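Thanks for asking me to look this one over.

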Amino acid sequence: MSNIEDIRRFYARLMAANAASSDPRLEEVFASVPREAFLGPGPWTIVASGDKIITPSADPAHVYQNVLVALDADKGINNGEPFLHAMWIGKLAPRPGETVTHIGAGTGYYTAVLARLVSPGGTVTALELDDRLAELARKNLEAYGNATVVRGDAVTTPLPPSDIVYVNAGVVAPPAGWLKALRPGGRMIFPWRPAERVPLAVLVTRTEKGLACNPFMRSWFIPCFGASVADLAAKIPTPKQAARSRSIWLTSDKAPDRTATAIFGDVWFSTKDVRAKPGS
């Protein structure tokens, strides 16, 4: 059997390096949250380029790599790529005392990481639509007193006022309720999939002048039930248009104008940079 503590610490160092975060707690948290505790009993199924590879044993050393571990292979649900999540969490920069909503929590691994990062004083509400996964997440997170699991549809369930909304399911556009839930200075990361050829990760920040957005990398997640199909009236962006989006608006606050790159019902994207200084 390997020295799992050494392996976990090295894994945590890799996660922190990939996150490019100045927060030293990120490494500490990834070292303290045991990934294997959220995966069910081993051996585990690793997903690699469409293939499924079974780990040689139930030694947890096998899952402390940048690999996708299947949670429900038939539904295409996995535990998520650690490097990607470390980078996303680093961009969100969770702080003690903040309120987080995690959409598409799976079995709760990254929920646990977020719960540790907002301690003390902060809370995480984890929403998971799949009954089995939600129940597993509830059990897995019993030791994390500031995390609550809700089995429900995040598209129709009102979100609590949040400093961070962390979305792990692809949407054609974030529902208006998700945007309204962001507190001043609040941040949201979501996988934007307005079209088959437009898979982007987007960071949204609520500023005094509006919702700034930054499409910062390519990303693919399983579709979010109820928010992954555009209606016929939608304006679908090209890859270049999507990448040029710099703000998100509610049509109830501002009607779409010539800067619109994408329009989806009551939410639209614009090239207008709400963070730009006047005259720039």
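1. The second largest pocket has a volume of about 180 Å³. Please keep in mind that this is a predicted model. Of the 14 residues lining the second largest pocket, those nearest its centre are Val172, Ala173, Pro175, Phe264 and Asp266. Sorted by class, this lining comprises 10 nonpolar, 2 polar and 2 charged residues.

2. The largest pocket holds about 760 Å³ of space. Its lining is made up of 38 residues, and Gly104, Asn168, Ala169, Phe221 and Ile222 are the closest to its centre. If you are setting up a view of the largest pocket, these elements each give at least two residues to its lining: strand 3 (68-72), strand 4 (77-78), helix 3 (82-92), helix 4 (109-117) and strand 6 (123-128). The class count for the largest pocket is 20 nonpolar, 12 polar and 6 charged residues.

3. Now to a single side chain. Arg206 sits in strand 10, which covers residues 198-207.

4. What does Arg206 touch, leaving aside residues up to four places away in sequence? Its contacts are Leu179, Lys180, Leu182, Arg183, Pro184, Gly185, Gly186 and Leu211. With Leu179 there is also a polar approach: a polar atom of the Arg206 side chain lies 2.8 Å from the backbone oxygen of Leu179. As for Lys180, 26 residues separate it from Arg206 in sequence, while their C-alpha atoms are 9.6 Å apart in space.

Terms used: Residues numbered from 1 in each chain as written. Predicted model: local features only at pLDDT ≥ 70, side-chain atom pairs only at ≥ 80, totals over all residues. Heavy atoms only, no water. Helix = DSSP H or I, 4+ residues; strand = E, 2+ residues; numbered from the N terminus. Contact = heavy atoms within 4.5 Å. Polar contact = N/O pair within 3.5 Å; in protein donor to acceptor, adjacent residues only side chain to side chain. 1 Å grid on protein atoms, 1.4 Å probe; cavity = no way out; pocket = protein on both sides within 12 Å on 5 of 7 lines; lining within 4 Å. Points joined across faces, edges and corners; volume = space filled by probe spheres on them. Nonpolar A, V, L, I, M, F, W, Y, C, P; charged D, E, K, R; others polar.
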